[in-house]
Amino acid sequence: MQVFPFLVVAWIVIVGLYGVITSRDLIHQIVCLIVVQSSTYVLLLGVGYVTGGAAPYLFDISAHAKTVDPVVQALALTDVVVEAAVTALLLSFAVQAHKRFGTLDPHELVSLKG
Amino acid sequence: MTPRQRLWLFALGAAGLVACYLWAFAGLPGFGNYPGPYGPAIMSRVIAQTNATGAVSAINFEYRGFDTVGEEFILFTAAAGMSVVLRRLRGEREGQSSPAPEAASRERPATSSSVRVVSLLLVGPTAVIGWWLATHAQTNPSGGFQGGVILATAFFLVYLSGEFIVFRRLRPDAVLDVAEAVGAGGFAAVGVTALALSLPYLYNYLPLGTIPGAVSSSGTIALISFLVGIEVAAAFVLIIGELLDQTLLRRGVHGEGSS
């Protein structure tokens, strides 16, 4: 199937967003956001895949052999690092929210106090 | 807005999003038929231009090097931001603002000796693998980002094995701050050095070596990858250490350094 990986991408985004919307716990909400974000890995690697292509490492293949696209793989690597950094920052905000308001339920964090 | 209304709104938005997605995907060239010109162009030139066999690392640290500088500073900023966000309350005594006393008084199972032995045994190999990955970006699917994360894992295996005091000693904040600054600043400095030699920013001015893919090949790619490895390892030890500090604060465990 030519479009199956792209359908998977759409599915991961929607499932993750549903989790973010219905979540009753900040940590769970952050994990849902990671799910949404991980759809980009599937998208990037799916877009760059070439049927029958080798990995883009030139040990035993010629420089003109058919390989999958190395540019999107480098982009996926960037993606992973940024995700880890953003997750860490969000988790520290969750820690602070729990300290200040005594709850992790986003529905109870309705009013922002100065 | 009630949760029910919110769900309906989400269903509406999601339906629109899915429709746009499918429309957009219908215009893609199809799985396995990627027509992009950059991949083949880089693959056919990467050895001649950089002597690196790992094309992904060559892209990250050479062709897209400027982009990776920004990426590294995202990580740097996140680690700094976490320290700032979590530091504000560090001076507070526990109990003053701990709204979950049931969590603090919960019984904690002791670390089993099998966990201790296995994680202590894994510390050495993990550190070696991390170091090897960080220094072999030019040859194979490795690089500073992967290696740095695995190096940081070695530190947390020490923590997992219950050696909290040792862990604390392995994680002096001053040394980590310096390591992070050297990693992030070193990357930028490699680029500026090229400017000083009146070459473009991040130009590969080091000797490329003679054997493609050898450890001594590929010039600045290997150097930058190593610097990134240091930066990533330091940033992750700092980030996870900050979160662990919060847990330990709750539990009432105080190391020498925490006030």
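A residue is classed as buried if 20 or more other C-beta atoms lie within 10 Å of its own, as exposed if 12 or fewer do, and as partly exposed in between, with C-beta atoms placed from the backbone. By this criterion, buried residues make up 28% of the 114 residues in chain A. The structure is a predicted model, in which local features need pLDDT of at least 70, side-chain atom pairs count only at pLDDT 80 or more, and totals for chains, interfaces and linings use all residues. Residues are numbered from 1 along each chain as its sequence is written, while chains are lettered from A and ligands numbered from 1 in the order in which they are written.

Chain A has an average pLDDT (the predictor's confidence in each residue, from 0 to 100) of 86, and 95% of its residues score at least 70. Its secondary structure consists of three helices and zero strands, where helices (H or I, at least four residues) and strands (E, at least two) are DSSP runs numbered from the N terminus. The order along the sequence is α-α-α. Among these elements, the mean pLDDT is lowest for helix 3 (residues 70–101) of chain A, at 87, and highest for helix 2 of chain A, at 92.

The radius of gyration of chain A is 19 Å, whereas a compact globule of 114 residues would have a value near 13 Å; the radius is taken over C-alpha atoms, and the globule rule is 2.2 Å times the number of residues to the power 0.38. Along the principal axes, the C-alpha atoms of chain A fill a box of roughly 60 × 30 × 15 Å.

Helix 1 (residues 4–22) and helix 2 (residues 26–48) of chain A have axes that come within 8 Å and cross at roughly 170°. Axes are lines fitted to C-alpha atoms, for helices over the stretch in contact, and angles run from 0 to 180 degrees between N-to-C directions. The two helices of chain A are therefore roughly antiparallel to each other, a label given to angles over 145 degrees. Residues in this contact (C-beta atoms, placed from the backbone, within 7 Å) include A:F6, A:I12 and A:L17 of helix 1 of chain A and A:C32, A:V36 and A:L43 of helix 2 of chain A.

Between the chains, 45 residues of chain B are in contact with 43 residues of chain A. Helix 4 of chain B gives the most to the side of chain B that touches chain A, with eight residues.

Key. Parallel < 35°, antiparallel > 145°, perpendicular 65-115°, else oblique. Contact = placed C-beta atoms within 7 Å.
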